[in-house]
Amino acid sequence: MDVIRIENLVRVYQMGEVEVRALDGVSLSIAPGEFVAVMGPSGSGKSTFMNIVGCLDRPTSGKYYLDGVDVSELDRDDRAEIRNGKIGFVFQSFNLLARTSALDNVELPLIYSSSGLRADERRARAMRCLEIVGLANRHDHQPSQLSGGQQQRVAIARALINDPKLILADEPTGNLDTKTSEEVMGVFQKLNDEGKTVVLITHEADIAEHARRVVGFRDGRLVEDTPVAHRRLVAARA
Amino acid sequence: MLKFLTILKVGLKAIARNKLRSALTALGIIIGVACVIAMIGVGQGSQAAIQAQISALGTNFLMIFPGVATQSGARIFTGQSTITEDDVAAVGTECPAVAYVTPVSRSAAQVVAGNLNWGTSIQGVGVEWPFVRSWNVDKGAMFGDSEVRAAAKVCLLGSTVADALFEGQDPVGQTVRIKNFPFRVIGVLETKGGNTMGQDQDDVVIAPYTTVMRLLKGTTKIDMFMASAVSQNAVPEAQKQIEALLRQRHRLQPGQDSDFMIRSQQEIAQTADETSRTLSVLLASAASISLLVGGIGIMNIMLVSVTERTREIGIRMAIGAKGRDILTQFLIEALALSIAGGAIGIALGVGASRFLAWKAHWPIMLSPEAVGLAFGFSAAIGIFFGFYPARKASLLDPIEALRYE
């Protein structure tokens, strides 16, 4: 069963009198264990695509099955539950809570999940996720005490905490220098190697080359869907 | 439940993160609740004090003053005594609702004992006076009918006078001089304390009214008389009977103004009670306004906080917080601020009340109900003023909120 199956997805924004078709009939399937880079210039519809795939937004028409479940008609609260349990977000600007320790940040999604874990169980799980990204020794650091790359790795740990079906990364290296970008991409490759499905939104071709498959957007349509021929592999994965 | 506790912790952490701002926000509630508590304490205290004094005075007690005349339409007290000793005796025997009566003739004089003297009021009364006033003789005995008939120079001292003139010695059997007449002290009255107006009731000398009237004042007319009804409920009836009897005895036509006035202790009590109640309500409402202002302060800060933390709200929503989770979190913050403010305010208010009681000798009384009410009110203010900002936060769109800088 596909992790993502999208059929004829349309998203129309009403800007006053004018209708903007941000997504105009997109169909796409992503199987478990894939590492897909979504590319396109600004205005191509890739952000709208990411909002819908991330269950932050609903399509105007078309179907979206996440992990076999139709999520295109769900209301706010149900989508929140889906985001919490099945999707791990990684954002361009990290989006960690300020003045909050790395461990507390990683633990945050568990607060809103219905898992019913005890406080010590949540701690332990958050700690394991920090170990995966190699930051267990920084668990008591606040975001302001961490470098950009470290902050992004904390964000990845947070995305992993509920063992999601899908990791959705929106320009995760946009705020990072080349070296740290490589580092962070290494973390994604490692997670993918371990079986995680990763969808990466980016406009940089060299970042997209870390994935296994590239899909291209232009004017709200899918214009490219190719495997990565010469995949860039990060040698020293965290 | 587990989730609620966790969100509770999140809310409390947010408060702890902004200590100064949280403290300043709570300050509005603290001052409001402290004011309400202190004002209720003062109000209830004075009301209770008045009640206590009134019941000590006896609530079935009536005073009948002579002489209200109409002059150019203005009802004034002329001071012309129209009430006679016979009137008093008639009220005593002919009004079934009246239990006891006593004529009163008042004077003021310097009382001298040895080398000490004391200026006080001299009350000339009849033998039933202790029953009318429910005021007992502590030492010695009340004078009897023969002393009244003979206008005997005997007196009883109020405890303040006894202390002033005899300084702890037993005054009974001693002689005091009033306006140069020697009076034998035959008793000391029990201590009564201050009255409704705060005057010392024990600063008094009691003597037969005949003696005060003829010897000290040189008149044959009494000043007024007092009566007591058979029970508290019989007061209105006694009042009616006295009025009817006196009008008949004074040959007043229907429609003509009475040449006397009757004042019951109940009326005085009611007036005093209403005055203090009005005062309490006034004080409490002034204090409530400050509580309201404190509530608006909470709303203000919570609104600022929602705007300032839009991104945080967006992050929380993106990773799975539902609208009601955000609502709960912000409501808890508002509620925690107002409850903490309420608790500190109660402590401060109780402290202020104690301070007033101790420093200004104000009678302070704080009922647990008042404290509970103030606390509940501050919590209600937290929910009321916290709800709008919390709801605003819960309705944010996660995509917009995440984009917010």
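A: In chain A, the residue A:Glu171 is buried, because 20 other C-beta atoms lie within 10 Å. (A residue counts as buried with 20 or more other C-beta atoms within 10 Å of its own, as exposed with 12 or fewer, and as partly exposed in between; C-beta atoms are placed from the backbone.) The model is predicted: local features need pLDDT of at least 70 and side-chain atom pairs count only at pLDDT 80 or more, while totals for chains, interfaces and linings use all residues. Residues are numbered from 1 along each chain as its sequence is written, and chains are lettered from A and ligands numbered from 1 in the order in which they are written.

The backbone of A:Glu171 also deserves attention. Most residues other than glycine have a negative phi. A:Glu171 has a positive phi, near 45°, although it is not a glycine. Its place is the loop between E7 and H6 of chain A. (Helices, H or I with at least four residues, and strands, E with at least two, are DSSP runs numbered from the N terminus.)

Strand E7 (residues 166-170) of chain A is joined to E8(A) by five bridges, and the two run parallel. (Two strands pair if DSSP finds at least two bridges between them.) The bridge partner of A:Leu166 in E8(A) is A:Thr197. From E7(A) the chain passes through helix H6 (residues 178-193) of chain A to E8(A), and this β-α-β crossover is right-handed. (With the strands pointing away from the viewer, a right-handed path from the first strand over the helix to the second runs clockwise.) H6(A) lies across E3, E7 and E8 of chain A and runs at about 150° to E8(A). (Axes are lines fitted to C-alpha atoms, for helices over the stretch in contact, and angles run from 0 to 180 degrees between N-to-C directions; residues are in contact if their C-beta atoms lie within 7 Å.)

How is E8(A) itself placed? Five of the five residues of this strand (residues 197-201) are buried, so E8(A) is largely enclosed by the rest of the structure. In a regular strand the side chains alternate between the two faces of the sheet. In E8(A), A:Thr197, A:Val199 and A:Ile201 point one way, while A:Val198 and A:Leu200 point the other way, and all are buried.

Strand E3 (residues 35-39) of chain A is also paired with E8(A): four bridges join them, and they run parallel. The bridge partner of A:Phe35 in E8(A) is A:Val198, and A:Ala37 stands opposite A:Leu200.

These strands belong to an open sheet of six strands in chain A, in the order E6-E7-E8-E3-E9-E10, with mixed pairing. Its edge strands, E6 (87-90) and E10 (221-227) of chain A, each pair on one side only. On average, neighbouring strands of this sheet are turned by 20° against each other, direction ignored.

Chain A has a further open sheet, of four strands in the order E2-E1-E4-E5, with antiparallel pairing. Strands E2 (18-30) and E5 (69-70) of chain A stand at its edges with a single partner strand each, so one side of each is left without a neighbour in the sheet. Within this sheet, 10 bridges join E1 (residues 4-15) to E2(A), and the two run antiparallel. A:Arg5 has A:Ser29 as its bridge partner in E2(A).

After H1(A) comes A:Cys55, whose phi is positive, near 60°.

Finally, the whole of chain A gives the setting. Its secondary structure comes to seven helices and 10 strands. Buried residues make up 47% of its 238 residues. Of its contacts between residues at least 6 apart in sequence, 68% join residues at least 24 apart. The C-alpha atoms of chain A fill a box of roughly 50 × 40 × 35 Å, taken along the principal axes. A compact globule of 238 residues would have a radius of gyration near 18 Å, and chain A, with 18 Å, agrees. (This radius is taken over C-alpha atoms, and the globule rule is 2.2 Å times the number of residues to the power 0.38.)

Notes: Contact = placed C-beta atoms within 7 Å.
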